[in-house]
Amino acid sequence: MPTHTASQRYLSTRGGSYDFSFEEVVLKGLASDGGLFIPEEIPALPSDWATKWHNLSFEDLAYEIFSLYISPSEIPSADLKDIIRRSYATFRTKDVTPTVTLDKEKNIHLLELFHGPTFAFKDVALQFLGNLFEYFLVRRNEGKSGRDREHLTVVGATSGDTGSAAIYGLRGKKDVSVFIMHPHGKVSAIQEAQMTTVLDANVHNLAVDGTFDDCQDFVKALFADPEINKTHKLAAVNSINWARILAQITYYFYSYFNLIRQQSFLPASKVRFVVPTGNFGDILAGYFAKRMGLPAEKLVIATNENDILHRFWSSGKYEKHPVYGAAAEGGLAEDGVKAHSSGVKETLSPAMDILVSSNFERLLWFLAYEVYSTSADAVSQRRAQAGDHVRSWLNDLKAKGGFGVDVQILAAAQQDFSSYRVSDEETLATIKQVFSAGSAQGYVLDPHSAIGIAASLRDAEVAGPPSTHHISLSTAHPAKFSNAVEQALPEEKAYFAEKVLPEEFKGLEDKPRRVSHVKKSDGWEGVRKVVVAEVEAELQAADKAGR
Ligand SMILES: *Cc1c(COP(=O)(O)O)cnc(C)c1O
């Protein structure tokens, strides 16, 4: 049984690192053995959670949940509350993540996660992570001034969503600079405008003339470079950062309570969460919620045509597609590898275009821990064994392009999860169908959210209403991916401009921009030069201002 330990510690999925604090885990991102950090124990809910948490605001609920993972000796309660309050004050709705009912007959609900500054679900985590970075840095720098202050340099690559959410999460933060590389001309116009119109001194956009993979390679080279690591403290904000998973647990509970408060949800009703999935971060938060004790009957993975997860749940084999060549994976991989060279298929839901899902490694650890050992074994031995299994699977993935698991592991995975694969064609048909028929006529889905709804509709035929409710996660605002919406609803341009397009997007593309250009031929050393020079300029400006 999971237990709530007052002092939560973290370990690496590959067995090489133990006993880390939350702060170390957040600032490091990736463990030095190449593994991902997980809590030593998944905390159980307090026995009175169902009544005590029932009416809490999003912020208060986040506080209750985060407190189970962060020791008060690391972040005192009042400070944690303040970080949470500031992180969600930037959202446009009081509810932060409201749940709307899309189909009353079929009990299909949509959990809207796109009310943050960049209109995508990644804001829920990155607003929090930005404030955490600042909190830790400022605390480490207490009593220090000028060049004695520790400075964090966040470096990341993006094909769209992560970059803008990271920039909005980190803009204006003390003692932190952020460098985001995007492939020049290869991110959507609105995403490019979102990123490059942020003019805060600590935000640095680098447009690389190359592909997303080139950007990714530059990031990896920088993290591996002894020279810059001597002079700069580098940090990552990609979806493997534990704090991002943690922040996403809240809305599973919040949405569950939302349903409970509705009359249609009876004590005997069951709930399934459906999650448009790429790197497996969002749905992994649902797994933690379920393991803590949230009564979710199933977690449903919805993939696009990049379906490595769907193939795993169908066969027990986790393989980069056989017809495609080897490519970069895991670690620093982030939203949607677009380059065809990597074997990823470009779809209408680019934030889910991935070859392998980095966060899946965390689930593998828990599966191995439970299947391959018994509670009679010493805990340290059980953990070491789980780490050995994960290491061997991931080695095979790297060396052979895939691995298979035993039937017991697959059965354990199937107990908590099921999966669906949704084509571009079905994505468009779903946007159209929801817009023109049913109880939510006129509702416009973005292509990622449409994949969740397509999977929900199919799953509702297996696990039917009225006793089962589906909560489908809506991960982006339709205006962020308007080309897919236009393809699905070609007649509705005027409706879209009038009723759907947010005020914030109007005129965004005409605002002043700041961006540095990097040639692919400059190589990662060229990027290093820019990073070093721009951090230096930033620090000099701070020196002058007497900070
Ligand atoms: C990142 C993203 C996803 C995928 O989430 P994962 O945590 O990587 O599975 C889905 N939809 C949108 C819009 C995203 O930005």
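In this predicted model, F133 touches V26, L27, L152, V154, L170, V176, A235, A236, V237 and N241, leaving aside residues up to four places away in sequence; contact here means heavy atoms within 4.5 Å. Residues are numbered from 1 along each chain as its sequence is written, and side-chain values use heavy atoms, with hydrogens and water left out. Local features need pLDDT of at least 70 and side-chain atom pairs count only at pLDDT 80 or more, whereas totals for chains, interfaces and linings use all residues.

F133 is also among the residues with the most contacts inside the largest nonpolar core, which has 117 residues. Such a core is a set of buried Ala, Val, Leu, Ile, Met, Phe, Trp, Tyr and Cys residues joined through side-chain atoms within 4.5 Å, buried meaning under 20% relative accessible area and exposed over 50% (1.4 Å probe, protein chains only). Helix α10 (residues 242-261) gives the largest share of this core, 13 residues. Helices are DSSP runs of H or I with at least four residues, and strands are E runs of at least two, numbered from the N terminus. A second, separate core of 29 residues includes L102, I431, Y443 and A460.

Next comes helix α15 (residues 407-416), whose buried residues are I409, L410, A412, A413 and D416. Seen down the axis of α15, these fall within an arc of 160 degrees, so they line one face of the helix; the arc is that of the directions from the helix axis to the C-beta atoms. V407 and Q415, on the other side of α15, are exposed. Among the partners of the buried face are α11 (281-292) and β13 (417-421).
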